[in-house]
Amino acid sequence: MQTAENIRNLPIDITFSRLGEWLVDRKRIPSDWRKRLAAIRSKISKEFSALPKDIDPYFQTLDSEGIGYLEAKMIYDILLKSTPESRDIFGRLSGAAGSWEAIVHSFEKDHLYLVEAAEIIIQNVNYEIPYQKKQVQKIQQQLAELERKEADIKRSAALSAAKYAEACQELGLQGKNVRLELLETANSLPSTFGRILEVIDGDSVSRGIEYYSNFVRDAHTEKDNSSPNEAADSNKTPLHKTEDNPPPEIYVSDISWDISVETPQVDVIDDVSLPNIQLENQAYAPDSLPLTQRNREERSQLLETEYRNKILDDLYEMKAFLNLRLVELRNEDTLSLQNQVQAVAPLVLQQYTPDAIQTMISDVSFAISLLTNRKTRDLIMILNSKRFLDRLVNTLEEKKHHEVKLKEGLKDVAAKRMELQNSLSSSWPKQEAALAKTRELKKLCESTLSSVFDGRPVNIVGEINALLSSGVSAQTLEMLA
């Protein structure tokens with residue numbers, strides 16, 4: 001059997017959502033508590049308008065609709081400390097302090113502040129605090145999405161900058177003034193053409209021409225019954241042009257590729273002469289004018305597409321021949337047959353080793369690359385077509401503008417982040433204030449009811465305890481920091 005002492009120590013558990021009903025059912029508050037609370041709130045609204053708000057900064061943070069028992073008591077305590085002499089001859093407070101003292105007493109009469117606290121607790125637990133938490137979570141999600149978006153924009157901006165730098169580097173530009181730099185870079189074409197001429201007039205390519213010429217001459221010469229005149233008539237090598245009268249034999253040292261390297265002029269268009277070397281079993285006739293005697297104002301023939309294509313055809317044909325000869329000389333299956341052929345071949349065809357042929361191939365390939373690389377082709381097109389120049393400038397500027405546009409997007413992301421952080425900074429104090437007030441009202445109800453029931457412990461239970469223990473997440477505090 002439980003003693004009175006044991007009964008006094010038994011806790012009273014009250015579900016927070018039924019606290020108001022519990023108080024009414026046990027007649028701890030009057031049944032007309034709604035009417036009385038309405039009268040008290042009407043009085044609060046009237047007195048708040050006359051409250052001297054310059055007395056304490058706390059008054060500046062208050063709203064008449066948000067003032068309850070705890071706030072009214074705080075106002076009363078502040079007024080009491082600031083105006084201790086405001087009492088009449090009977091010792092009662094007068095003025096604003098007296099009005100707020102009456103409001104506090106109205107709350108305390110019949111424990112009306114308990115039912116008001118129950119209403120606020122239910123409102124905060126069921127609506128206010130969950131809403132504030134959802135707002136904070138929504139802002140946190142938006143901030144995380146902004147972080148991902150910012151990372152994507154930075155990655156895209158870096159990629160655009162790299163593409164722009166790569167495109168400028170291919171054309172030899174710094175990227176500050178694209179149009180001007182392109183026109184200035186086009187002035188380097190004479191040196192490029194000079195390099196091409198130097199390679200194809202070099203010893204290695206010249207020996208390759210001689211090798212091909214001798215090979216074709218040997219392959220097309222009837223050694224059994226040919227006369228010197230007949231041999232001369234059949235001397236239609238790739239280094240000779242076909243004309244009405246057979247030309248005299250031309251030595252390799254006399255070959256000219258008919259390439260001028262003067263500064264190109266866009267508005268000067270000369271007739272394009274055919275190249276001097278045709279590697280298609282045709283004869284060759286040298287250019288009658290040496291390179292040094294050409295007019296410096298003449299437009300370079302390498303600017304003409306047809307001329308360049310003929311030069312490239314010759315170089316590709318020579319390269320194909322040299323590659324084939326190199327494969328034959330290095331093929332072990334036909335090595336013995338090649339040795340027999342070489343033994344009966346003229347001396348000029350026996351002097352080229354595989355290594356020498358490989359050197360010829362390398363030089364011919366280098367000349368082809370000089371003529372066909374993108375920079376050379378673009379610079380030629382710049383001088384030949386203003387429309388191409390405009391299109392190339394627009395392409396480069398679009399790449400640069402894309403990077404600038406992405407970087408401007410980063411500013412918008414930063415502004416949006418600042419806005420969200422400000423919203424988070426304002427939502428968090430509201431959530432904390434609702435939690436703090438709910439915690440304080442819960443403690444007030446438990447202590448007051450405990451005193452009403454002779455010191456028995458009173459616990460307000462339910463979802464309120466889990467909500468109050470969770471508080472603000474560490475992630476929120478980190479974002480605010």
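A salt bridge here is a side-chain nitrogen of Lys or Arg within 4 Å of a carboxyl oxygen of Asp or Glu. A search of the whole structure turns up 13 of them. The model is predicted: local features need pLDDT of at least 70, side-chain atom pairs count only at pLDDT 80 or more, and totals for chains, interfaces and linings use all residues. Residues are numbered from 1 along each chain as its sequence is written, and side-chain values use heavy atoms, with hydrogens and water left out.

Helices (H or I, at least four residues) and strands (E, at least two) are DSSP runs, numbered from the N terminus. Buried means under 20% relative accessible area, exposed means over 50%, and partly exposed lies in between (1.4 Å probe, protein chains only).

Begin with Lys-437 and Glu-71. They form a salt bridge, with the closest N and O atoms 3.0 Å apart. Lys-437 lies in helix 16 and Glu-71 in helix 4 (residues 69-82), so the pair ties together parts that are 366 residues apart in sequence. Glu-71 is buried, at a relative accessible area of 12%.

Next comes a group of charged residues. Glu-147, Glu-150, Lys-154 and Arg-417 are linked in a network of salt bridges. Take Lys-154 and Glu-150. Their closest N and O atoms are 3.7 Å apart. Both residues sit in helix 6, four residues apart, which means about one helical turn separates them. What does that spacing do in general? An α-helix has 3.6 residues a turn, so residues three or four places apart point the same way. Lys-154 is partly exposed, with a relative accessible area of 46%. Glu-150 counts as buried, at 16% relative accessibility.

Glu-150 also forms a salt bridge with Arg-417, and here the closest N and O atoms are 2.4 Å apart.

Gln-140 is buried, with a relative accessible area of 9%. Its C-alpha atom is separated by 8.9 Å from that of Gln-421, a residue 281 places away along the chain.

Now turn to helix 17 (residues 463-470). Its buried residues are Ile-464, Leu-467 and Leu-468. Seen down the helix axis, these buried residues fall within an arc of 95 degrees, so they line one face of helix 17. That arc is taken from the directions from the helix axis to the C-beta atoms. On the other side of helix 17, Ala-466 and Ser-469 are exposed. What do the buried residues of helix 17 pack against? Their partners are helix 6, helix 16 (386-452) and strand 2 (458-461), where contact means heavy atoms within 4.5 Å.

Finish in the loops. Lys-27 lies between helix 2 (19-25) and helix 3 (33-49). Its phi is near 55 degrees, a positive value in a residue other than glycine. Lys-27 is exposed, with a relative accessible area of 72%. Asp-454 lies in the loop between helix 16 and strand 2. Phi of Asp-454 is near 55 degrees, again positive in a residue other than glycine. Is Asp-454 buried or exposed? At 63% relative accessibility, Asp-454 counts as exposed.
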